[in-house]
Amino acid sequence: MSKKVTTTTTSHTSESLFGKTNYIWMLAGIAVIALGLLLMAGGRSADPTVFEQKEVYSTTRITIAPILIIAGLALEVVAIFKKPTS
């Protein structure tokens, strides 16, 4: 008794997980996060030994920068879950 051996070949197509638009959205999200971090860092103080309450607790550092960081993270989530267009 001889056994018949059959071989089958399957071709694997490698499709990219993300499309071009996904990468554009990801780069936009990274840019918004970076902008938020730069705004949160602020500028240099004129005299580093003096505590300036207006500079540390400014609207830009306390409100706008965290909103931009969260918006950038939301853009990243959108970029990941967005279906790539072919």
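Which residues form a nonpolar patch on the surface? In this predicted model, the patch is made up of Phe-51, Val-56, Tyr-57 and Ile-62, and together they have about 420 Å² of accessible area. Patches here consist of residues with over 30% relative accessible area and no salt bridge, with nonpolar side chains (Val, Leu, Ile, Met, Phe, Trp, Tyr) joined within 5 Å and like charges within 9 Å. A salt bridge, in turn, is a side-chain nitrogen of Lys or Arg within 4 Å of a carboxyl oxygen of Asp or Glu. Accessible areas come from the Shrake-Rupley method with a 1.4 Å probe, and for residues only the protein chains shown count as cover.

A word on the ground rules: residues are numbered from 1 along each chain as its sequence is written, and side-chain values use heavy atoms, leaving out hydrogens and water. Because the model is predicted, local features need pLDDT of at least 70 and side-chain atom pairs count only at pLDDT 80 or more, while totals for chains, interfaces and linings use all residues.

As for the overall picture, the protein chain has three helices and zero strands, running α-α-α from the N terminus on. Helices (H or I, at least four residues) and strands (E, at least two) are DSSP runs, numbered from the N terminus. Of the 86 residues, 15% count as buried, where buried means under 20% relative accessible area, exposed over 50%, and partly exposed in between (1.4 Å probe, protein chains only). The chain exposes about 7,500 Å², with carbon and sulfur atoms supplying 66% of it. Among contacts (heavy atoms within 4.5 Å) between residues at least 6 apart in sequence, 78% join residues at least 24 apart.

Leaving aside residues up to four places away in sequence, Asn-22 touches Ala-79, Lys-82, Lys-83 and Pro-84.

Now for the rings. Two aromatic pairs turn up in a search of the whole structure. One of them joins Phe-18 and Tyr-23 edge-to-face, at 5.9 Å centre to centre and 80° between the planes. The other brings in Phe-51 and Tyr-57: their centres are 6.4 Å apart and their planes at 70°, so this pair is edge-to-face. Rings of Phe, Tyr and Trp (its six-membered ring) pair if their centres lie within 6.5 Å; planes under 30 degrees apart count as stacked, over 60 as edge-to-face and the rest as tilted. Tyr-23 is partly exposed, at 41% relative accessible area, whereas Phe-51 is exposed, at 57%.
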